[in-house]
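Here are a few friendly notes to read alongside the model. Please keep the structure open as you go through the points.

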Amino acid sequence: MLDLNDIMIFARVIEAGSFTAAARLLGMPKTTVSRRIATLERELGVRLLQRTTRSLNLTDAGRLYYEESSQALRTIEGANLRLAEARAEPAGTIRISAPVGFGGHFLQEAIFDFLSAYPKTRVELRLTDDRLNLVENGIDLAFRTGILEDSTLIARKLGSTHRILCASPDYLARCGAPDHPADLVRHDCVVAGQSAHVPWLLEGPHGRETVTVSGRFAANEMQAVMAAAIAGYGIAQLPYGVGEACIKDGRLCRILDGYTTPPGGLYVVYPSSRHLPPLVKTFIELAASRLNAGAGGNDEFLIVSP
């Protein structure tokens, strides 16, 4: 009966280039390596190697057997690794990046659940509305919204998001509320971005409409946009969850109820899917379950930008 260990030793001899090098790699005597190869050849009924004092060459049968068996060995080794990872309790540090508003609304609850379920883990959360390069910044995964461009990252779609229009009670008392998107040109708007003059694309009862807005304050961080709106500096587009929380506590009021921004995707992105660390995979699954991802078969995988 064939012994898988003999097949593994044969593959190591070929990869190392000699019995001596393979014996050193395997931590066994050279005579044992030679004996195990001879046993394998006897079981198979063919000669796999041509041995001389100066060289070691594969026979045609040996070359064919190595090509087939080495692929099978890699499959077995990969299965063993995945099984060991599945049985191991998640441990270590996971570094996460997320937009400011999203992190405060949903992510912290997922993180707390994760830390509670796996006591050997640590989480480092970096909240920023800038799209960081994950590899350069040592980030394991990031949450992103909107339309994603092509690159070498992997993304999993967890759901869809949109923004609503909000303003403070003080601002509305001073300036009134717009009745139609076109009225926004006469209002101060708090802009998420680098410019105070930008087009806003809104979706409502009559389809999509574009209006160019302006204001006295613009910021590339959602927390600052929200703070400016609460302080009465104008009308802002806020992520639905963030805006609803401010509306419930009375800090903001929703305007143009029938209008939102067009829905964009909510994604979790990570550098590579070839060997996703168990720690990262476990957190992604927990986050996906909290958003009820996959309930309608909507999990999607695609290439996106860093």
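1. A word on burial to begin with: a residue counts as buried when its relative accessible area is under 20%, and as partly exposed between that value and 50%. Please keep in mind that this is a predicted model.

2. With that cut-off, is Cys 246 buried or exposed? Cys 246 has a relative accessibility of 1%, so this residue counts as buried. Cys 253, with a relative accessible area of 27%, is partly exposed.

3. Now the disulfides: searching the whole structure turns up zero of them. Cys 246 takes part in none, and its nearest cysteine sulfur belongs to Cys 166, 7.3 Å away. Cys 253 is in no disulfide either; there too the nearest cysteine sulfur is that of Cys 166, at 8.7 Å.

4. On to the sheet, which is open and built from six strands in the order 9-10-8-11-7-12, with mixed pairing. Strand 9 (197–204) and strand 12 (253–254) are the edges: each has a single partner strand, so one side of each lacks a neighbour in the sheet.

5. Do look at the pairing of strand 9 with strand 10 (residues 207–219), which is antiparallel and extends over eight bridges. Here Trp 200 sits opposite Val 211 of strand 10.

6. Two helices deserve a look as well. Helix 7 (residues 222–230) lies across strand 7 (163–167), strand 8 (188–192), strand 10 and strand 11 (235–239), and runs at about 135° to strand 11. Helix 8 (residues 240–248) packs on the sheet, where it touches strand 7, strand 11 and strand 12; the direction of helix 8 makes about 30° with that of strand 7.

Methods:
Residues are numbered from 1 along each chain as its sequence is written. This is a predicted model: local features need pLDDT of at least 70, side-chain atom pairs count only at pLDDT 80 or more; totals for chains, interfaces and linings use all residues. Side-chain values use heavy atoms; hydrogens and water are left out. Two strands pair if DSSP finds at least two bridges between them. Helices (H or I, at least four residues) and strands (E, at least two) are DSSP runs, numbered from the N terminus. Contact means heavy atoms within 4.5 Å. Axes are lines fitted to C-alpha atoms, for helices over the stretch in contact, and angles run from 0 to 180 degrees between N-to-C directions. A disulfide is a pair of cysteine sulfur atoms within 2.5 Å. Buried means under 20% relative accessible area, exposed over 50%, partly exposed in between (1.4 Å probe, protein chains only).
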